[in-house]
Amino acid sequence: MDTKTIAKAVSGLKGEIQIPGDKSISHRSVMFSALGSTPVHITNFLHAQDCMSTAACMQSLGAKVEFLSDTELIVTGNGLHGLKEPDMIIDAGNSGTTLRLMMGILAPQPFLTTFTGDASLHKRPMGRVIKPLSQMGAKIFGRQQNQKLPITIVPAEGRFQGMTYNSPVASAQVKSAVLLAGMYAEGDTTVVEPFTSRDHTERMLEAFGVHTEKQGTAVTIHPVDEFRAPKEIEVPGDISSAAYWLVAGAIIPGSDLMLRNVGVNPTRTGILDVLKDMGADIEVLNERTSGGEAAADIRVRYSRLQGTRFGAEIMPRLIDEIPVIAVAALFAEGDTVITGAGELRVKETDRLQAITDQFNKLAPGAVEGQEDGLIIHGGRKIEPAAAFSYDDHRIAMSLAILGAAGEGVTIERPECVNISYPAFYQTLEELR
Ligand code: S3P
């Protein structure tokens, strides 16, 4: 088995890091540009496996995708109604965002599409998107009673109908899929969520001249005739990638890190609130907006942390950061109690299980898994150990930070960081 050994960071992490492009925004930049009819120049695109799955997907639907460098590309579509039937099965790889958003875009199209993905994506629930799209008129077939990959979409009979969908989960992927299908529907489409999820779709649609209306946790889209592509999209850095350095800087004595160009869209900044609440020394500097999204530089320095408690309400704002927040909790004084995190069971792996089983190898007895959350006892003894990534990028990176802050770790199957942060291990080395 492939392994990677991370040594203890004895004298802290220091330096400046350019945070790679936001994964959620990179996906949307290529998808939406491929629905326009004029070239869009995209910069600071996240050159990682998930976003490359989306780029390949849009190419197979007839869009022109030309890379000028790893992180810079020009995407030219054939208009909102110009997608072509793909010749082959579309492979979403490991990416739930690619699959779920594409289902929303493709369900209203007059051609057949079949999707596949990797082993992880085959286990994940797709009924949450298939169900509302079917209510709008889509014809979608999937394994296990229309719940799982492989999935085939055939042309709908008659027109797509707008509707109001009360989503049982706060999920930007579900919200986005339904809103994107709503662009092609007759009448308005509204998605109501239990709590507001990330709003990158709504913000980027605005840049394409498509207006959505927000009222509380509801978002409404009207049928779209004109889809005007902007000339440029600049992708801000990904706070979910910055999260590893925010935690590393906060818990490794002697650390002082400057994170450059971090996206600070308020629907994504839950980790800043939680770390500050734990007593972290975090400064948000040079706040600015680029392409409808807020960005800033963030300085983080070591400080003593205390345990904390948070739940369902903040969850959509830090959903992908739970594994690394759990690392912070191990180094805090006292207990941290996380509730309302059941969605973590259906991510790239069951992350509540992964955190419980693997973190306890390095911090015996410190993590108690709950049905929908975690209890983490801070300040327990940390030991060197080997731990498994489950091929989940966020588990691998969190283990690396745990090892660097603790007594070292050997990560089994470490290469999955390529899903969202290919330079992660190299950056960690450079900061020592
Ligand atoms: C994403 C939404 C979130 C998040 C995922 C990216 C997106 O998933 O976990 O990494 O780009 O819309 P859910 O919508 O399933 O919560």
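## Backbone features

Pro150 has its place in strand β9, residues 148-154; helices (H or I, at least four residues) and strands (E, at least two) are DSSP runs, numbered from the N terminus. The model is a predicted one, in which local features need pLDDT of at least 70, side-chain atom pairs count only at pLDDT 80 or more, and totals for chains, interfaces and linings use all residues. Residues are numbered from 1 along each chain as its sequence is written, and side-chain values use heavy atoms, with hydrogens and water left out.

The peptide bond between Leu149 and Pro150 is cis, with omega at about -10 degrees. Gln145, which is not a glycine, has a positive phi of about 55 degrees; Gln145 belongs to helix α6, residues 143-146. Most residues other than glycine have a negative phi, and most peptide bonds are trans.

## Residues around the ligand

The shell around the ligand consists of Ser24, Arg28, Thr97, Arg100, Ser171, Ala172, Gln173, Arg198, Ile319, Asp320 and Lys347, each having a heavy atom within 4 Å of the ligand. By class, two of the shell residues are nonpolar, four polar and five charged; Ala, Val, Leu, Ile, Met, Phe, Trp, Tyr, Cys and Pro count as nonpolar, Asp, Glu, Lys and Arg as charged, and the others, Gly among them, as polar.

Helices α1 (23-33), α3 (96-106) and α7 (172-182) each supply at least two residues of the shell. Domain 1 (3-21 + 236-431) and domain 2 (23-219) each contribute at least three residues to the shell, the domain bounds coming from an automatic or database domain assignment.

## Polar contacts and burial

Polar contacts here are pairs of N or O atoms within 3.5 Å. The side chain of Ser24 places an N or O atom 2.7 Å from an oxygen atom of the ligand, and for the side chain of Thr97 the corresponding distance is 3.4 Å. Gln173 takes part through a backbone N or O atom, 2.9 Å from a ligand oxygen atom. Taken alone, the ligand exposes 390 Å², of which the protein buries 94% (Shrake-Rupley method, 1.4 Å probe).

Note on methods:
A polar contact is a pair of N or O atoms within 3.5 Å; within protein, one must be able to donate a hydrogen and the other to accept it, and residues adjacent in sequence count only if both atoms are side-chain atoms.
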